Each structure stands twice: as C-alpha cells, then as structure tokens.
Amino acid sequence: MNAPIGVIDSGVGGLTVAKEIMQLLPNEQIYYVGDNARCPYGPRPIAEVRKYTWQMATALMKKNIKMLVIACNTATAAALNSLQKHLPIPVIGVIFPGARAAVTSSSTKEIAVLGTLGTVQSGAYEKAIKSLVSSSHVVQLACPRFVPLVESDEYEGEFAREMVKDTLSQLAGESFDTAILGCTHYPLLQGFIEESFGKGVRVLSSAEETAKDVERHLDYINRRAKRKKPPVHHFYTSGSTPIFQTIIEKWLGIEDPLIHSIRFSKT
C-alpha cells in the first residue's frame, strides 16, 4: 500500500506532474526518473522513444512501484499502449487527461495544442480530443526550442519571453479559445505563453488532470498510502545533477532533495 508511485519523463518537465501529485496526494511517495542526458525526446524516432521509455519503466519496476505515470507527452504517444499491455501495474499517460481538460474548458471547441515534434506528428492529442467531441477543431504547433530552454534552466528571463513570443507568432490568424500545453516542460513557460496569447485564450496543463487520474486509480485498486510521517521522495537523473537539483528546489520547493544518478544501456 505504501509502495511508491513511479513518474518518468525525458527530463525535468515531468516535475510539473509530480508536483500536482504531491499536492493532491501528500501521503504518496514519488520515485522520479528524468532522462536528461537523452532529452529532448521530441525529435527522436518513435521506436527510440519507446525503447528509452521502457528502460525508465524497467528501472522503476525494480523499485517495486505500485503505479507508473508517464509524465512526458512524447513518451506517452510512443509507449503508453505497450506499457499498459505488459506491465502488471496501472500505467497512466498525460495525453488523454490533457485532452479532457481542454475539451471541458473550451466553449468553442477550438483548441490549440503546443507540443514537441514527436507529439504533434503522432496526432495523439487530436485523436484524443476528437474522441471526446468529434466536431472539435484542433490546430497544432511544434515548439522544439522550448524543451532545451527549460532543461538549461533559462526559462525565466527576457530571452525566454522573446523565444516564446516568436514561436507562438506562427499561430497568428488561427481561431481557438483554449491552448493545451502538450509537453510537461511547457508549464514552466506558462506565464510567457499566456502573455503571448492574451486574455482571450485559456492555457491549460495536463498535470492537474493527470494527478486526478492517479487519485482515481489508487482508489479503484484500494492502494492509497497511509503514513504517520511525510514521505521522502527520490529523484533519478541520467544527466547533470546540479541543474536537476536547482529546478527541483525551485519548482517543488524541496530543500536538499534526494538525487541519484542513473545510467541506461545504449543497446
């Protein structure tokens, strides 16, 4: 019952999902893996992303996790179905919760999806949105410069603001009242994204809805944690520990987080 929840991502973006899970379910312990060394996943072939996602999942299965959250849209598009089919625990992705949030929010059902190249090319968001409301109009935009900006911890300054503004200018003339952040790195740029779109567009992250799905699944399988003391979370990275730690402390407010290095086979 008190086994940890595994959360995996191509880098630091999934911390936005982990944060929502920690807030909604404070008794749950998180084991987080960020594959920073091989980030970004967006430009990679789908088979390669699937292999990397399985490597992270396998590493966490050895930690006896009770649930796996794929907190990466590109990895969700590439590997969710195979992981759900073959792992003996519940596996949750971020695409359907994000689509559900967008459809619920939008009054016009005209929705923009901002994502990595891999997520956009997969068509996973458009498929998920149209499965909920078939008449929805979906416009998608790949934003390949956003993930490296966040991974380098340069997402707060004027350079980031101008990059976001320049990227989103490609949507000028498109009609939508809701934009879904189809990459878990993007919420760290949400302020600049909202500024670029203006007050007429609601910008949503899939993180909050994903945390709600985690809660529902835990209740369904009756495996909520019961603790007398707050859990200690563990963070694993295949990349730079100092940058990883800085973003964890800044974004999650955890002082001296437990960070471990992890290495994956190249074969």
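Q: How do the residues lining the largest cavity divide by type?
A: Rolling a probe the size of a water molecule over the atoms shows where empty space is left. Here the lining of the largest cavity splits into 5 nonpolar, 7 polar and 1 charged (Ala, Val, Leu, Ile, Met, Phe, Trp, Tyr, Cys and Pro are nonpolar, Asp, Glu, Lys and Arg charged, the others, Gly among them, polar). A cavity is a set of points on a 1 Å grid over the protein atoms alone where a 1.4 Å probe fits but cannot get out, and lining residues have an atom within 4 Å of a point. This is a predicted model, where local features need pLDDT of at least 70 and side-chain atom pairs 80 or more, while totals for chains, interfaces and linings use all residues. Numbering starts from 1 along each chain as its sequence is written, and side-chain values use heavy atoms, without hydrogens or water.

Q: Which of the lining residues lie nearest the cavity's centre?
A: Of the 13 residues, look for Ser10, Cys72, Thr116, Cys183 and His185.

Q: How do I read an aromatic pair, say Tyr41 and Tyr52?
A: You describe two rings by the distance of their centres and the angle of their planes. Tyr41 and Tyr52 make a tilted pair, 5.8 Å centre to centre with 50° between the planes (Phe, Tyr or six-membered Trp rings pair within 6.5 Å; under 30 degrees is stacked, over 60 edge-to-face, the rest tilted). Both tyrosines, Tyr41 and Tyr52, are buried (under 20% relative accessible area, 1.4 Å probe, protein chains only).

Q: What sort of pair do Phe146 and Tyr186 form?
A: An edge-to-face one, at 5.1 Å and 75°. Phe146 counts as buried because its relative accessibility is 0%, and Tyr186 is buried at 0% too.

Technical notes: On a 1 Å grid over the protein atoms alone, a cavity is a set of points where a 1.4 Å probe fits but cannot get out, and a pocket is an open set with protein on both sides within 12 Å along at least five of seven lines; lining residues have an atom within 4 Å of a point. Buried means under 20% relative accessible area, exposed over 50%, partly exposed in between (1.4 Å probe, protein chains only).
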